[in-house]
Amino acid sequence: MSEATLDSSVRPALAGRPNYRTIALIIASAMFMEQLDATVLATALPTMARSFGVSAPHMSIALTAYLLSLAVLIPASGKVADRFGSRSVFAVAIGIFTLGSILCAQAQSLPFLVFARLLQGAGGAMMMPVGRLVLLRSVDKRDLVSAMGWLLVPALIGPIVGPPVGGFIVTWLDWRWIFYINIPIGILGIVLVLMFIENVRGETREPFDVIGFVLSGVSLACLLFGFEMSSRGGEAGPFSLGLMVVGLVVGVAYVLHARRHVAPILDLSLMRIPTFRISVIAGSLSRITQGAQPFLLPLMLQIGFGLSAAESGLLTFATACGSMLMKGAAGRILKRYGFRTTLVWNSVASSLLYAACAAFRPDWPHAAIFAVLLVCGFSMSLQFTAYNTVAYDDIPASRTSAANSFYTTFQQLMLSFGICVGALALHASSVSSGHAHATVGDFSVAFLVVTAISLLASPVSALLPRDAGAVMSGHRAGGREEAAAT
C-alpha cells in the first residue's frame, strides 16, 4: 500500500486492524443485499403490476432502469473512490441504496418506482466495484485468495435464495417488504464499514474524463438494453438490434477517445497486462453460464417440472451450499495446482457440470439434482475466486482502482449477456420446435448453448504463465515468490 495515502484521522490502530475475513464479509453483506433485492423483485413483478394497474411486461422498466444506472456509473466508481476515499464512498453507496429501497417501498405509481430504482442503481454501481476495491486495498496478497472466497459466497447466495424469498413475501406479506428488508441490512452495513474499514485514497489526482464518461455510459447502456430486449423476440427485435448497433458505434468512438486521453474513465491499456487481459476474456466467457444459470434453472424447475417456487428454491439452494463449501478449499487447491492448471481444467469441469443440467428430467430424484447442483456451485465458485484474484496479480498499486472499475464493468456486462443468451436460446428452441410454451427439451438446449460458450474459457486460460499468481496462492511453479520477496 505504498502508493496510496490513508486518512490518518480515521485509520484504526495497526494492532486493532480487522481480520481479512471480517472485511470480506462486511463487503459481501452489501453485495448480498443488492443481489437478493434484484432476484426477489423479479419474482414479485406480476404482483406489483396489479398494484400499479399496469400489465406485467410494462414492469420490466423497473429492472432496466437499475441496469441503466449501473452501466452509466460503474466506470466512474474508481475515480470517485480515489478522490473521496474508498471507505467514505462505500458507506455513502450503501446509504444511497438503502434510501432508494425506502423510496421503492413508498412508490404509488410506476414512474415513481422507476425514479427510485434509478437511485438504487446509483448506490449499487458504487457498492460493487468500490467494495472489491476496499478488499484489494485492505488485504495482503497472500490472503487475497481466501478473502475472495469469503466475498463470493453471499454474492452467490443472493440470486439463489431470491426466488423463494420473493414467493414467500408476495404470498404472505405485502410486496413492499421486498424493499423494507434492505433497511436493517443497510444501516448495519454502514456502521460496520465506518468501524472496521480504512479510508484509502488514491495518491494521484488525475483529471476526470467527462467525455469518456458520457461515451462509455451511452455505449454500455445501449448494449445492456439491447441485450435485454433481444430476449423478448417479436417486435422488440429490430429496436434491440438498433440499440446494440448504436452501443457498438459509440463504443468505437470511446476507444478512439481513450487512446488520446491521459486518464480515460476505462483504461484500455490495462489489457496489455497478460494476467489481467486473460482473466477478463476467460472470465467473461465463463460468466455467460453464471449469468444464465440463475435465470434458466428456476424456470425449468417450475415451468418444465411443475414444481412450486418453494420446492424450486430448495433445490437451487444447492448451488449456494457448494459455494460455501468451496471457500475452505480454494486456497489449498490453488496452492497445490496453481492458477493456470486450476483454471484450465476447472473451466472444463464447471462447464460440463452445468451442461449436465440439460439432462434433468421431472422423474429425476430430487437428491440427485441437489447433488449435481452442489458440485456445480463448488466448481463455479472456485472458478470465479481464481479469476477475481489472479486478475490483479501484476496490477501496480497505483492502477488498482482503474483495473477494478474496468473489471467490474465487464463482469456486469457479461452477466447480463449470459441472461440474454440463455433467454434467446430458450426462445429460439421453443419457436423452432413449434411449442407455444417452453418445454423441458427447450431448457436443455438453452443449457447446452451457454455451457458450450463457457468451454472456450479453458484454452484462453491456458495462455496464463505457469507461475501466474504464485505469490497469492503459494504455488511453487517458478521464481515469482523469490522475485517478489526481493
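A crossing of two helices is called left-handed if the near helix is turned anticlockwise from the far one by less than a right angle. The views below show a predicted model.

**View 1. Helices H4 and H5 cross in a left-handed manner.** Helix H4 comprises residues 86-105 and helix H5 comprises residues 110-138. Their axes come within 7 Å and cross at roughly 155 degrees. Because angles over 145 degrees count as roughly antiparallel, H4 is described as roughly antiparallel to H5. Sorted by class, the residues in the contact of H4 with H5 are 19 nonpolar, seven polar and two charged.

**View 2. Phe276 and Tyr407 form an aromatic pair.** The model has ten aromatic pairs by the rule applied here. In this one, the ring centres of Phe276 and Tyr407 are 6.1 Å apart and the ring planes stand at 55 degrees, so the pair is classed as tilted. The pair connects distant parts of the chain, since Phe276 belongs to helix H11 (residues 274-304) and Tyr407 to helix H15 (residues 400-432), 131 residues apart. Phe276 has a relative accessible area of 0% and is therefore buried. Tyr407 is also buried, with a relative accessible area of 2%.

**View 3. Ring pairs join five residues into a cluster.** The members of this cluster are Phe276, Tyr392, Phe406, Tyr407 and Phe410.

**View 4. Arg83 lies over the face of an aromatic ring.** The ring is that of Phe84, and Arg83 is placed at 5.1 Å from the ring centre.

Key
Residues are numbered from 1 along each chain as its sequence is written. This is a predicted model: local features need pLDDT of at least 70, side-chain atom pairs count only at pLDDT 80 or more; totals for chains, interfaces and linings use all residues. Side-chain values use heavy atoms; hydrogens and water are left out. Rings of Phe, Tyr and Trp (its six-membered ring) pair if their centres lie within 6.5 Å; planes under 30 degrees apart count as stacked, over 60 as edge-to-face and the rest as tilted. Helices (H or I, at least four residues) and strands (E, at least two) are DSSP runs, numbered from the N terminus. Buried means under 20% relative accessible area, exposed over 50%, partly exposed in between (1.4 Å probe, protein chains only). A charge sits over a ring if NZ of Lys or CZ of Arg is within 6 Å of the ring centre and within 35 degrees of the ring normal. Axes are lines fitted to C-alpha atoms, for helices over the stretch in contact, and angles run from 0 to 180 degrees between N-to-C directions. Angles under 35 degrees count as roughly parallel, over 145 as roughly antiparallel, 65 to 115 as roughly perpendicular and the rest as oblique. Ala, Val, Leu, Ile, Met, Phe, Trp, Tyr, Cys and Pro count as nonpolar, Asp, Glu, Lys and Arg as charged, and the others, Gly among them, as polar.
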